[in-house]
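Me: I'd like to go through the side-chain contacts in this one. Can you take my questions in turn?

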Amino acid sequence: MIRVTGTGAVLDGLDVNGSIDVLADNVTIKRSRIVSGDYYPIRYFDNDNTGLLIEDTEIAGTSPDVTSSIAFC
């Protein structure tokens, strides 16, 4: 799991086997691949955070437990 806590963070060109938890403002995930068996491969936690951008990113679920690619928690 990757946990993003820095405002303005950019995750670029990653090959992630697991999930990404976003706990910051203005986060960009781009040109990446996320393969996950987790319920939510990307979790965006609503602590009054704003500005999540996901572009040119492939999200693949590997189990029937995956219910959505992105969840706002």
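Me: Leaving aside its neighbours within four places in sequence, which residues is Phe45 in contact with?
Reply: This is a predicted model, and in it Phe45 touches Asp21, Val22, Leu23 and Cys73 once neighbours within four places are set aside.

Me: Where is Phe45 found, in terms of strands?
Reply: Phe45 sits in the loop between S7 and S8. Phe45 is partly exposed, at 23% relative accessible area.

Me: What does the side chain of Asn49 reach?
Reply: The backbone oxygen of Phe45, at 2.9 Å. Asn49 is in the loop between S7 and strand S8, residues 52–55.

Me: Is Asn49 buried or exposed?
Reply: Buried, with a relative accessible area of 13%. Not counting residues up to four places away in sequence, Asn49 touches Val22, Leu23, Ala24, Asp25 and Tyr44.

Me: Switching to rings. How many aromatic pairs does a search of the whole structure find?
Reply: The search gives 2 aromatic pairs. Tyr39 and Tyr40 make a tilted pair, 6.4 Å centre to centre with 45° between the planes. Tyr44 and Phe72 make an edge-to-face pair, at 5.5 Å and 85°.

Me: Why does the pair of Tyr44 and Phe72 tie together separate parts of the sequence?
Reply: Because Tyr44 lies in strand S7 (residues 42–44) and Phe72 in strand S10 (residues 70–72), parts that are 28 residues apart in sequence.

Me: Now charges. How many salt bridges does the count come to?
Reply: The count is 5 salt bridges. One of them joins the side chains of Asp21 and Arg3, 3.7 Å from N to O. Asp21 is in strand S4 (residues 20–22) and Arg3 in strand S1 (residues 2–4), 18 residues apart, and the pair links these distant parts of the chain.

Me: Are Asp21 and Arg3 buried or exposed?
Reply: Asp21 is buried, with a relative accessible area of 4%. Arg3 is exposed, at 51%.

Me: Which residues are linked with them in a network of salt bridges?
Reply: Asp38 and Arg43 are linked with Arg3 and Asp21 in the network. The side chains of Arg43 and Asp38 meet at 2.9 Å, N to O. Arg43 counts as buried at 17% relative accessibility, while Asp38 is partly exposed at 24%.

Me: What does Glu58 form a salt bridge with?
Reply: With Arg33, the closest N and O atoms being 3.6 Å apart. Glu58 lies in strand S9 (residues 58–61) and Arg33 in strand S6 (residues 33–36), so this pair ties together parts that are 25 residues apart in sequence. Glu58 is partly exposed at 42%, and Arg33 is partly exposed at 38%.

Me: Last topic, strand pairing. How many bridges join S5 to S8?
Reply: There are 4 bridges between S5 and S8, and the two strands run parallel. Lys30 stands opposite Glu55 in S8.

Me: And how many bridges join strand S2 to strand S5?
Reply: 3 bridges, with S2 (residues 10–12) and S5 (residues 27–30) running parallel. Leu11 has Ile29 as its bridge partner in S5.

Methods:
Residues are numbered from 1 along each chain as its sequence is written. This is a predicted model: local features need pLDDT of at least 70, side-chain atom pairs count only at pLDDT 80 or more; totals for chains, interfaces and linings use all residues. Side-chain values use heavy atoms; hydrogens and water are left out. Rings of Phe, Tyr and Trp (its six-membered ring) pair if their centres lie within 6.5 Å; planes under 30 degrees apart count as stacked, over 60 as edge-to-face and the rest as tilted. Buried means under 20% relative accessible area, exposed over 50%, partly exposed in between (1.4 Å probe, protein chains only). A polar contact is a pair of N or O atoms within 3.5 Å; within protein, one must be able to donate a hydrogen and the other to accept it, and residues adjacent in sequence count only if both atoms are side-chain atoms. Contact means heavy atoms within 4.5 Å. Two strands pair if DSSP finds at least two bridges between them. A salt bridge is a side-chain nitrogen of Lys or Arg within 4 Å of a carboxyl oxygen of Asp or Glu.
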